[in-house]
Amino acid sequence: MTVGDLGEFGLIAAITAQLPRGGRTVVGVGDDAAVLAAPDGRVVATMDLLVEARHFRRDWSAPADIGGKAAARNLADVAAMGATPVALLVGLAAPGDLPVAWAQDFVSGMAAECARTGATVVGGDVSSADAIMLAVTALGDLAGREPVTRAGARPGDLLAVAGVLGYAAAGLALLGAGLAEPAALVTAYRWPRPPYDAGPEAAALGATSMIDVSDGLVADVGHVAQASGVLIDIDTARLEPGDDLLAAAARLGASGPAGPAERSGPAERSESARQGGQGGGPARALVWMLTGGEDHALAATFPPGATLPARWQVIGRVTEGQGVSVNGRPFRGRPGWDHFI
């Protein structure tokens with residue numbers, strides 16, 4: 001059965017039947033709008049778009065993977081404000097010949113990712129379109145904390161990261177080359193697993209700024225530097241590619257064709273290698289860590305001398321100046337993803 005066979009309201013009924021009701025939901029799916037309890041008196045809100053063939057491919061990712069990814073990229077933005085995700089609103093546009101089972105599996109993946117944070121899907125909309133398009137709004141609760149923005153980094157602060165870097169970019173490059181191993185990297189591209197609870201944790205630890213690494217570490221740290229009016233230096237000696245990244249780099253070859261996720265040319269990769277003091281396969285792995293997006297790690301700055309849990313890896317420092325440097329030098333390669341470049 002297709003969504004066209006089922007019709008708009010039949011499709012809504014089929015996919016919402018799978019969704020649990022959240023503890024803060026006063027009015028859920030089925031009315032003109034949802035109503036949520038907001039004990040803090042403030043609501044963190046963000047939204048994101050995903051377009052088929054731009055953000056995902058159905059021949060590379062299962063529907064549950066796509067649903068999980070759509071939820072993760074929005075829930076991570078809430079966590080990056082130091083908040084706890086509470087709810088999602090989901091817009092789904094799809095061709096009429098899309099199987100209903102696809103839509104149901106998509107929602108099951110989204111619900112599964114929400115369950116990792118205690119969030120729920122509380123409403124949305126469906127429409128017809130020539131390709132699948134998703135518009136997801138996430139809402140979060142600060143629980144009395146002040147939001148952690150991009151604008152608070154100060155000279156002397158430490159730059160730290162929680163979560164993995166470069167995995168999704170490497171996974172996409174592997175898929176683009178027709179490879180499926182190392183499987184952990186391909187899985188990371190298909191369905192990232194952000195460290196959601198690290199966001200509120202960072203706020204409690206006194207983080208001065210924070211951002212979700214969605215477009216690349218250099219690019220996203222650059223947003224923090226710009227908003228804060230500082231220079232942030234990344235120390236690549238602290239970015240140690242794991243075995244899976246090194247294995248992927250070796251499989252693809254140090255001079256082989258770049259995968260779709262690798263938006264830097266050979267000269268830019270060479271510059272990144274020079275700045276990282278590495279060559280060959282490790283240089284490609286380093287480029288993934290510096291410029292690859294969609295892992296949704298959290299990058300935050302902390303006051304000097306802050307004692308951080310083990311999962312927060314210090315990778316740099318904030319100084320006087322402007323922009324981002326790598327090992328004390330301006331970064332010459334493309335810093336990350338930009339839809340219009």
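## Basis of the model

The model is predicted, with local features requiring pLDDT of at least 70 and side-chain atom pairs pLDDT 80 or more, while totals for chains, interfaces and linings use all residues. Residues are numbered from 1 along each chain as its sequence is written, and side-chain values use heavy atoms, without hydrogens and water.

## Cavity

On a 1 Å grid over the protein atoms alone, a cavity is a set of points where a 1.4 Å probe fits but cannot get out, and a pocket is an open set with protein on both sides within 12 Å along at least five of seven lines; lining residues have an atom within 4 Å of a point. Points are joined across faces, edges and corners, and a volume is the space filled by probe spheres set on them.

There is 1 cavity of 30 Å³ or more. The largest cavity has a volume of about 30 Å³, and its lining consists of Leu 19, Pro 20, Ala 111, Cys 114, Ala 119, Thr 120 and Val 121.

## Second largest pocket

The second largest pocket holds about 400 Å³ of space. Of its 23 lining residues, Thr 16, Val 29, Gly 123, Gly 124 and Asp 125 are the closest to its centre. Two or more lining residues come from each of helix H2 (8-16), strand S4 (84-94), H4 and S5, and S5 gives the largest share, 6 residues.

## Sheet

An open, mixed sheet of 7 strands has the order S8-S10-S7-S11-S9-S12-S13, where two strands pair if DSSP finds at least two bridges between them. Strands S8 (209-213) and S13 (329-330) are at the edges with a single partner strand each, so one side of each has no neighbour in the sheet. S12 (residues 323-326) and S13 run antiparallel and are joined by 2 bridges; Ser 325 has Pro 330 in S13 as its bridge partner.

## Backbone features

A cis peptide bond, with omega of about 0°, joins Glu 181 and Pro 182. Pro 182 is in the loop between helices H5 (167-176) and H6 (183-190).

Ala 53 has a positive phi of about 75°, and His 296 one of about 60°. His 296 is buried (under 20%), at 2%.

Technical notes: Helix = DSSP H or I, 4+ residues; strand = E, 2+ residues; numbered from the N terminus. Buried < 20%, exposed > 50% of the residue type's maximum accessible area, 1.4 Å probe, protein only.
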